[in-house]
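Thanks for sending this one over.

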Amino acid sequence: MLTYFVIAPILIAVFLYLLSSHYVAKILAIVVQAIFLGFTFFLFMESREQAIITVVGGYADSIGIILRADMLSSAFVMLTAFIFLITAIYALNESWSKLYWLLIYIWQGLIIGIFLVRDFFNVFVLFEVATLIVAVLILFLRERRSVFDGLIYIMVNTVAIQFYLFGVAYIYMLTGTLNMDIAAAVISETDKSQLILPYVLIMTAIIFKCALIPLASWLPKVQGIPRAPSAVAAILSGLHVKCAVFLFLQFQFIFEPVANHDFFLGLGLLTAILSIIMAFSQDDIRLILAYSSTAQIGLIIVGLSTNNADYGSLYHIINHAIFKTSLFLTSGMLMQIYKTRDINKITGIFKHSPILGISILLSILAIIGAPLFNGNISKYFIMDDIDMWLYVVLSVVNFGTIAIFVRYAFMLFGNPKNASAVLMHKNKVVSVLLLGIFSLFTGIFGVWIMNFLFDSQLSVSVGSYIEKTAIFAVSVILAVVLCKYRYRLTKQLNYVQALDINFRGMCISIGLFFAIMLIFVGFL
Amino acid sequence: MTFAQTVAILMFFLAFFGLITSRNIVKSIVCLVIKETSAIVFFLGLRFREGILPPIGESLSQPLEYIADPLPQALMITAIIIGLAVTAVDIIMLIYLTHETGSTDWDEVKAKTKARVASLDYE
Amino acid sequence: MSQTLMVLWILSAVPILFEQKIMKMILYLGAYSLITSIVFLIFGAPDVALAEASISIFSTIFFIICFEKYYDLKDTYIKIKWHKFILPACFTIFLAALFFWFAPTATPSTYSMELYINNFMNEVGGTNAVTAIYLGYRLYDTVFEALMLLITAIAISHLSWHKEKTTLEKHRYIKISKQAADIVNIITPILPIFGIYLITYGHLSPGGGFQGGVVLAAFFVCRYMIRSINDLPVVLLERFEKLIFSSIVLLAVFLVFLGIPEYIAMDAPPIFKSVYLVTMNMLIGLKVALGFVMLFYRFITIERV
């Protein structure tokens, strides 16, 4: 039954592609997506009772390929369907060829496949196909200057995934199976010294796909490609990277005996801090969003690596997908209106189009964790019950995020100088406004939704909530001051902005990361 | 560790060395191909012994330790195809880049393409 | 003997890394792939060896014929600065040392291998365990692999920007010598027969849909090399390939995902299983052949921008 959730989008994609009428295909695409979202909701309700397991082809589960939907994975499947529905509505008026729709639906099938499959090798296949699809979609509008970045993206992904392939070979050698659940059972009884290398090999590739800092440069490179469709950039950091984060969580469970949490805690913090500096130095709105994505992913990894903040992190994955999608989609609209991606040249969005301004404001409030918004709830639970030093560092990280987006919010005010009178398509406005309202909704009912999604028993204590709100207010004021005086740092920030890493450098950083992690896990 | 595994790991790092020293895009792609085959050899060589039989036909009646493992073989056919597919896309992009810049050198190609991406404005 | 071959294999990769002429490097890559497929043969993996051998033809062709058409490889040198090799070499040796230090030494588990070997004849059929896994137990992977090929075809036709200019005359055709043309002339008619053999007997002997399909596609490449013509309608091929793809997905859905093997394959007479395997092999073979022909024709018809 679960195979349908993977195969159906692909089958529908091919069917719609073969359909002769472009218009009918687009309308059908939306309808099918909406129905699909309904089905994923039923899947979620079913898996709440009991995890659903399907062996493809009905063979014995030790030799067939297994798909499993538990509460977590089906929640992510539901999120995937939701985001794809929204981005489909957003792209409805574009006059792109049917190829776009074909690829985007196949991509949906692949992402859902990664969330559901419990097989080491199938993950490799799905990731490789997804890599290629992203490359085609990112270059979809045939921006000739960007082929170089596309080439680097594909090649460096191949380098990283080969580490994964080696790791899978070792897993197969040790456990004799590729099924994650059976392998996990065998691994828990295997000698620790045998597991270190496979763990590090697999994690190197997964961390690369998560875009954590030594290996993060591919994500901003791809998202910064000048005319990459906004919907694709949105799904890339909203969902594609989250697949890797989901797998990171799974592999931490599977490799329980050797799993190292401190290393990833440090890595997540490093990623968050460095990406915030990178994001603050950029002028390109796409790159600001891209680097802030890596910062948020760092935060999620930190949350997943502390002892008791899992739920906050998992909810942050969902929230980040919602508001970052909204931000990327609105950035696409801004680029259409202002004909530039330079943050300094975009002003007066409120005056030009109030609805767009409101939806941008809602997403900004969500990402900086303003009270009542979803980012607030998930950050509250990430920072709940942790060591004092970590609390301080995370507060600084959150201050950085606020600083980035206060600067981003400056675009909303002032006079629209460079704006051109582009027709605002209703479908675009509806989709981004829907996302903005949704982030408010998931914030107000945040605790209830978390308890529903993860079957947890969480509650917010009033005292610490007020304390965090106070910290938030102070951070906002400081951030406004910082942004006002940003011009004094221009020279240093331009230096950071010009930092670039070439293909050789990326390969070296993969090797270096591998070595450091191996030493850390093996010797310490 | 079998001899085949050792050789495959050495090959993996030989290709990695090629990747981190290569200044030419064609060479980098060739190194990627080599790295891919090293992973495949490693996978197939896990249970290698002299005179091992393929898991086909008559030899299946032999005891298990004389037969090669069929699962890695099925997996590696998939991996080979994926490798070729990625290589083909790499080459097509490279052909495009050499058209544009007349070079296959990483730094030169980058310098010539990046010079045109400086502005954040659209036409 | 086998150890000598493996050492030879690793030595064959060394000149690739230190070669200064790109053209020579690619030829070395061809030789390397050949040795690799022989290594696969002694590993008891004739299926993989066939796949590697037939694939390596294509990767070499993509590199040489297609690249050479648009860019003068013969005059291209890679500048090698030896002193810049020292640090990377130390780094790589350090990595390799770490790798070997932590490498697991346990004896490989035969847990699932036993299950496959003992059950595949009853559950899937045929006498080739690899094909049984490829088309039965792990058909799910195979479907995505077919998808990969489709997306590569799309990517290549999308990224080659072929529609914007139509100046076919600008192509530089590859001239091959008369002796070479004679050899290709002899090989060409054998290829389709060999391909069809690989496809139809894939479930009993080494081979299968994929390998057969590539060999079939090689027929078109040879034909191109002799006659240097560009007469296949690429758009038609593309549409055809899409149809084949949808049929393969449909087959996968109806045959495997609906659980038909559960009901039929266990009790069905062997002939049914053979029919199933041969049909799947033929579909995959057709799909792969068309996909590769399409890739090849796309490659040779890119316009000079």
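1. How much area do chain A and chain C bury between them? About 5,300 Å², with 74% of it on carbon and sulfur atoms. Keep in mind as you read that this is a predicted model. In terms of contacts, 63 residues of chain A touch 51 residues of chain C.

2. Now for the charges across that A and C interface: the rule finds one salt bridge there. Asp119(A) and Arg138(C) are the partners, and their side chains meet at 2.6 Å, N to O. If you want to see which parts of chain A face chain C, the elements giving two or more residues are helices H1 (2-18), H4 (98-116), H5 (120-138), H6 (147-175), H8 (192-210) and H22 (503-523) of chain A. Sorted by class, that side of chain A has 46 nonpolar, 13 polar and four charged residues.

3. Polar contacts deserve a look too. Between chain A and chain C, seven residue pairs are in polar contact, counting pairs with both residues at pLDDT 80 or more.

4. On to chain B and chain C. Here 75 residues of chain B are in contact with 88 residues of chain C. The buried area is about 7,400 Å², and carbon and sulfur atoms give 84% of it. How many salt bridges are there between chain B and chain C? The count is zero. Polar contacts do turn up, with six residue pairs between chain B and chain C, both residues at pLDDT 80 or more.

5. Which elements build chain B's side of that interface? Helix H1 (3-21), helix H2 (25-44) and H3 of chain B each give two or more residues. H3(B) gives the most, with 26 residues. The class count for this side of chain B is 53 nonpolar, 16 polar and six charged residues.

6. Zoom in on Thr87(B), which sits in helix H3 (residues 70-101) of chain B. Is Thr87(B) buried or exposed? Its relative accessibility is 10%, so Thr87(B) counts as buried, the cut-off being under 20%. Beyond neighbours within four places in sequence, Thr87(B) is in contact with Ile29(B), Val33(B) and Phe63(C).

7. Last stop: Asp384(A), in the loop between helix H16 (374-382) and helix H17 (388-409) of chain A. Asp384(A) has a relative accessible area of 26%, so it is partly exposed. Gly303(A) is 81 residues from Asp384(A) in sequence, and their C-alpha atoms are 9.9 Å apart in space.

Methods:
Residues are numbered from 1 along each chain as its sequence is written. Chains are lettered from A and ligands numbered from 1 in the order in which they are written. This is a predicted model: local features need pLDDT of at least 70, side-chain atom pairs count only at pLDDT 80 or more; totals for chains, interfaces and linings use all residues. Side-chain values use heavy atoms; hydrogens and water are left out. Contact means heavy atoms within 4.5 Å. Buried area is the accessible area (1.4 Å probe) that two parts lose on being put together, summed over both. A salt bridge is a side-chain nitrogen of Lys or Arg within 4 Å of a carboxyl oxygen of Asp or Glu. A polar contact is a pair of N or O atoms within 3.5 Å; within protein, one must be able to donate a hydrogen and the other to accept it, and residues adjacent in sequence count only if both atoms are side-chain atoms. Helices (H or I, at least four residues) and strands (E, at least two) are DSSP runs, numbered from the N terminus. Ala, Val, Leu, Ile, Met, Phe, Trp, Tyr, Cys and Pro count as nonpolar, Asp, Glu, Lys and Arg as charged, and the others, Gly among them, as polar. Buried means under 20% relative accessible area, exposed over 50%, partly exposed in between (1.4 Å probe, protein chains only).
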